[in-house]
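I opened this notebook to keep track of what I looked up, one entry at a time. Each entry begins with what I wanted to know and ends with what I found.

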Amino acid sequence: MNNTNIFKMKNYLTLVMCACISVVSAQTDAEKAAETVDKNNIEGHIYFLADDLLKGRGTGTPENKIAASYLANTLRSYGAKPDSSTGTYYQQMELSRLFLKEKIMLSINGVDFPEIVAFDIGATDVNEEAVYLNYGLEADFKGNNVKGKIIIAKAGTPESQEIRPAFGARAAKIELALKNGAKGLIEVGSFDEATWPMLQHAFEERVSLSVSEKKPLAMNLWLQTTPAQLEELGKKKLNIRIKTEGIQQEQIKTQNVIGILEGTDPKLKEEYIMYSAHYDHVGIGEPDAKGDSIYNGARDNAIGTTAVLSMAENIGKYPTKRSAVFIFFTGEEKGLLGSKYYVQNPVFPLKQIVYGFNTDGGGYNDTSLATVIGLGRTTAQKHIVAGAAAFGLKAIDDPAPEQGLFDRSDNVSFASVGIPAPTYSTGFNAFDDEINKYYHQPGDEADSLDYDYLLKFYQGYVLSGRLIANDPEKPFWVKGDKYEPAGNVLYGNAPEVPMKN
């Protein structure tokens with residue numbers, strides 16, 4: 001080939017390469033989201049994370065560590081880098097595990113109460129008279145000497161005896177019991193049979209960030225009873241028999257998983273969008289009607305975990321202007337422990353995280369929706385709505401504000417220090433039987449999911465994240481949000497000076 005032909009060939013190849021580069025650069029964020037989110041990959045992640053082999057991914061278990069290893073190495077395969085200060089994808093933490101070695105033996109007037117939730121109790125062997133105090137509210141203490149005695153009261157308040165409001169009333173009742181010198185408070189209720197086992201499962205083993213201090217109240221229990229038994233309690237003198245070794249304590253180790261991808265913009269890369277989800281679930285518990293005792297957690301939260309993996313894969317191939325930090329939290333089911341720990345021990349200053357895009361949920365009942373808890377609370381709402389709409393989904397805000405969902409997932413650990421952070425969830429328009437069928441139940445299996453819907457859900461999540469990460473305008477809380485003041489402090493925003501008349 002002569003020099004002229006070689007020159008022509010080089011020019012041709014250059015033109016072809018330029019054309020290819022032009023096509024790639026012209027690709028929209030929506031096309032990039034559609035390209036990298038693959039249905040087979042989605043299924044692969046979820047089926048692994050929700051496999052019986054992982055035994056429900058309980059915090060601090062070997063199976064939880066297997067899940068962490070899977071996540072770390074998947075991030076590695078996408079090009080995400082570990083924490084530069086440690087050279088590892090794992091943020092290790094030590095937790096205190098609280099548990100009962102055996103069931104508490106408890107009877108009142110000779111009637112056994114086997115259905116117990118133990119919030120606090122030490123080694124105990126008593127047979128003594130107890131004091132009945134109706135609901136255990138302030139007015140109920142008048143004229144009653146409870147010093148050194150065990151109080152028995154109805155759970156909740158006259159207005160509501162359901163588990164959630166009753167749980168919220170506990171703190172005030174405990175304070176009153178302590179103020180009046182009682183040594184124990186036992187609340188008795190006839191609770192919803194679908195919700196009671198969830199509460200039992202949540203408290204049969206607990207984990208905290210630090211070694212628990214001994215509580216000044218010797219015992220704090222809830223008992224499940226029948227309405228008839230509940231009525232009888234207030235009519236008789238009460239004798240209580242309790243025997244237990246009490247709540248035991250041991251130290252366990254677990255880990256968050258963290259990966260980082262640097263942004264492309266010289267200035268904006270100093271800001272991070274956090275893509276987060278918890279990867280733990282509730283482990284092994286009471287078997288269901290089929291004898292299944294493994295709470296696999298496909299919806300809660302293998303779905304959320306896979307959303308973050310989908311985001312990491314996309315940004316690994318098509319970096320965004322802002323940098324990305326991917327965090328998989330442990331211990332969410334034990335009280336948001338992993339996210340609380342990260343906020344206390346960030347791998348870089350928290351003010352560099354300008355937005356937290358969390359993913360969590362208990363399930364879905366409407367596959368036309370993406371339900372975003374806190375959608376209208378940040379200025380990124382337009383991007384989330386547009387991202388979902390591009391793939392045929394409608395983004396809606398919290399349909400059940402009475403549940404307090406914004407403050408029940410890892411996003412609130414960051415919101416409380418000022419970082420705008422909603423939670424992107426699969427579509428639901430109410431807490432109904434379809435949600436409760438799977439929420440914290442052994443039936444929450446990978447083969448029960450609609451993967452055609454999830455494909456659109458993940459594509460919408462990825463596109464939303466890209467739009468936020470590439471927007472020159474920094475996202476923030478909408479004016480007047482309760483977390484806006486904390487955000488102003490974190491980011492050093494100058495408060496507005498009121499105009500003079």
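**Entry 1: the second largest cavity**

I began with the lining of the second largest cavity, to which helix H3 (39–49) and helix H9 each supply at least two residues. I noted that the model is a predicted one.

**Entry 2: helix H9**

I then turned to helix H9, which covers residues 298–317. From its first C-alpha to its last, this helix of 20 residues reaches 27 Å, which is close to the 28 Å expected at 1.5 Å a residue. Is H9 largely enclosed by the rest of the structure, or largely exposed? I found that 17 of its 20 residues are buried, so H9 is largely enclosed by the rest of the structure.

**Entry 3: the largest cavity**

How many cavities of 30 Å³ or more does the structure hold? I found two, and the largest of them has a volume of about 50 Å³. Its lining consists of Thr379, Ala380, Lys382, His383, Ile468, Asp471, Glu473, Lys474 and Pro475, which I sorted into three nonpolar, two polar and four charged residues.

**Entry 4: the nonpolar cores**

Next I looked up the largest nonpolar core, which has 60 residues, and in which Ile46, Val257, Tyr275 and Phe326 have the most contacts. Helix H14 (residues 451–470) gives the largest share of this core, namely 10 residues. Apart from this core lies another one, of 28 residues, including Val343, Phe414, Tyr483 and Leu490.

**Entry 5: serine 323**

My last entry concerns Ser323, which is found in strand E13 (residues 323–329). Is Ser323 buried or exposed? Its relative accessible area is 1%, which is under the 20% cut-off, so Ser323 counts as buried. Again leaving out residues up to four places away in sequence, I found that Ser323 touches Leu261, Glu262, Gly263, Leu268, Lys269, Glu271, Tyr272 and Ile273. For one of these, Glu271, I also noted the separation: Ser323 and Glu271 are 52 residues apart in sequence, yet 6.1 Å apart in space, C-alpha to C-alpha.

Key:
Residues numbered from 1 in each chain as written. Predicted model: local features only at pLDDT ≥ 70, side-chain atom pairs only at ≥ 80, totals over all residues. Heavy atoms only, no water. Core = buried A, V, L, I, M, F, W, Y, C linked by side-chain atoms within 4.5 Å. Buried < 20%, exposed > 50% of the residue type's maximum accessible area, 1.4 Å probe, protein only. Helix = DSSP H or I, 4+ residues; strand = E, 2+ residues; numbered from the N terminus. Expected span 1.5 Å × (residues − 1). 1 Å grid on protein atoms, 1.4 Å probe; cavity = no way out; pocket = protein on both sides within 12 Å on 5 of 7 lines; lining within 4 Å. Points joined across faces, edges and corners; volume = space filled by probe spheres on them. Nonpolar A, V, L, I, M, F, W, Y, C, P; charged D, E, K, R; others polar. Contact = heavy atoms within 4.5 Å.
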